[in-house]
Amino acid sequence: SSGINAELPLRPGIDLVPDLCEDLLASVDQPLKISKCKKTGKDYLLCDYNRDGDSYRSPWSNEYEPPIEDGSIPSDKTRKFEVDANFAFDMYREQYFEGGISSCYFWDQDNGGFAGAILIKKTGDGSKKFKGAWDSIHVVEVQEKGAGRNAHYKLISTVMLWLHNSRPESGTMDLGGSLSRQAEKDAPVTDMSSHIVNIGQMVEKMENSIRSTLDTIYFGRTRDIMNETRSLVDLKGKEKMDKVNRQLATALAEKNKKSTQ
């Protein structure tokens, strides 16, 4: 899990007002948690989209842990697509993140379409006293049209970034935030694998865009703050020096005035 415990500030509020726990946790971005599939031994990510009560469905076994009766599972067709999506995004994650964990969850919708969530988590190993985590959640809705030859895709993506630096020469710095974006598009479909390609292209484009924006907003802003702080310190130092010089000039003038009297 992430080297930054972003949950600590929430704990006192949860203990004081337990009735607000669900609403509070739902409204605050939390790092994705990891669990290990008991059947396959593979890691998977936890979220509301694979949760039923207090249990979570493993994308590898399609079973809930802890086991529950009548847990919500996708249809056979959607489950097969889910398996293929997990395989595809596992390759995507390895290519782009060179590590981490990915999980895909898909479900059927009442309008005949289907929807899903693609989760990716990459945590820094803490080497060089630098820790951090990238958590991305992509929720997509798919509605086929034109006798299944085309589909309309709606994508909502949220990325949470957590950074912690504790180098002696630069001090301790915690930086964290989230960014959400939406996108829609129509694309041709020949079979179910076309959906994976189309969704994959949307997720890839969205993650690249959010990466660029986060770099500008957070790292650019951090540099601006540092520069402004430094300028402010220099300005205060200059004002203090000017004041001392004025006082010194006044004192010298008084002294010279007295000596000529």
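Two strands count as paired here if DSSP finds at least two bridges between them. Strands themselves are DSSP runs of E, at least two residues long, and helices are runs of H or I, at least four residues long, both numbered from the N terminus. With that in place, β4, residues 55–57, pairs with β5 in the antiparallel sense over two bridges.

Before going on, a word on the source. This is a predicted model, in which local features need pLDDT of at least 70, side-chain atom pairs count only at pLDDT 80 or more, and totals for chains, interfaces and linings use all residues. Residues are numbered from 1 along each chain as its sequence is written, and side-chain values use heavy atoms, with hydrogens and water left out.

Now the overall layout. The protein chain has four helices and ten strands. Their pattern along the sequence is α-α-β-β-β-β-β-α-β-β-β-β-β-α. Of its 261 residues, 36% are buried, meaning under 20% relative accessible area, with exposed meaning over 50% and partly exposed in between, using a 1.4 Å probe and protein chains only.

Back to the sheet. β4 belongs to an open sheet of three strands, ordered β3-β4-β5, with antiparallel pairing. β3 (51–52) and β5 (64–65) are at the edges and have a single partner strand each, so one side of each has no neighbour in the sheet. Within the pairing, R57 stands opposite Y64 in β5.

In the loop between β4 and β5, N62 has a phi near 65 degrees, a positive value in a residue other than glycine. N62 counts as buried, because its relative accessibility is 19%. Then E65 and P66 are joined by a cis peptide bond, with omega about -10 degrees; P66 lies in the loop between β5 and α3. For context, most residues other than glycine have a negative phi, and most peptide bonds are trans.

A147, in the loop between β8 and β9, also has a positive phi, about 60 degrees, without being a glycine. At 72% relative accessibility, A147 counts as exposed.

Last, the interior. A nonpolar core is a set of buried Ala, Val, Leu, Ile, Met, Phe, Trp, Tyr and Cys residues joined through side-chain atoms within 4.5 Å. The largest one has 30 residues, and F106, I118, V140, Y153 and I199 touch the most other members. α4 gives the largest share of this core, seven residues. Apart from it lies another core of 16 residues, including Y44, C47, V139 and W162.
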